[in-house]
Amino acid sequence: MYDSTINPAATTLDTATATPLFMWHGFGIVLIGEREGDRWILARGWSRGDRLEAIRRWSFAQPMLFAAQVRRLVREAGANDSHARDEGLRSLAWTEALLQAQG
């Protein structure tokens with residue numbers, strides 16, 4: 001039902017890597033996150049076949065706000081509270097890994 005770049009059932013977030021994009025797919029939506037200057041960008045699109053529709057984009061100054069939006073969008077798409085929380089934490093770990101990799 002969903003895909004992510006790491007095992008969503010993992011008990012720790014040590015597997016977060018400093019990839020340039022955060023990605024999640026499930027429940028009919030695709031989330032893509034990236035860093036653009038000093039902002040955290042999150043885009044959501046509804047997957048229809050091999051394309052995305054109704055794409056919306058948000059920009060955040062703080063990683064915590066980015067992670068909160070990931071959690072909210074995953075929950076609104078249909079995931080349970082636990083999975084939504086885990087994806088929010090995974091996205092926060094991604095922001096931290098990216099910041100560390102960029103020095």
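Residues are numbered from 1 along each chain as its sequence is written. Because the model is predicted, local features need pLDDT of at least 70 and side-chain atom pairs count only at pLDDT 80 or more, while totals for chains, interfaces and linings use all residues, and side-chain values use heavy atoms, leaving out hydrogens and water.

Let's begin with the layout. The protein chain has two helices and five strands, in the order β-β-β-β-β-α-α along the sequence. Helices (H or I, at least four residues) and strands (E, at least two) are DSSP runs, numbered from the N terminus. Of the 103 residues, 34% are buried, where buried means under 20% relative accessible area, exposed over 50%, and partly exposed in between (1.4 Å probe, protein chains only).

How far can you trust it? pLDDT is the predictor's confidence in each residue, from 0 to 100. Its mean over the protein chain is 87, with 83% of residues at 70 or more. Confidence is highest in helix α1 (residues 63-77), at a mean of 98, and lowest in strand β1 (residues 2-4), at 48. Over residues 1-15 pLDDT stays under 50. Where pLDDT is low, the predicted coordinates should not be read in detail.

Now turn to strand β2 (residues 22-26). β2 runs antiparallel to strand β3 (residues 29-36), and five bridges join them; two strands pair if DSSP finds at least two bridges between them. Met23 sits opposite Ile32 of β3. Together β2 and β3 make a hairpin with two residues between them, and Phe27 in the turn has a positive phi of about 55°.

Finally, look at α1. Its 15 residues reach 21 Å from the first C-alpha to the last, close to the 21 Å expected at 1.5 Å a residue (the expected span is 1.5 Å times one less than the number of residues). Phe66, Ala67, Gln69, Val70, Leu73, Val74 and Ala77 are its buried residues. They lie on the same side of α1 because they cover an arc of only 160° around the axis, taken from the directions from the helix axis to the C-beta atoms. On the other side of α1, Met64 and Glu76 are exposed. Just after α1, Gly78 takes a positive phi of about 130°.

Notes:
Contact means heavy atoms within 4.5 Å.
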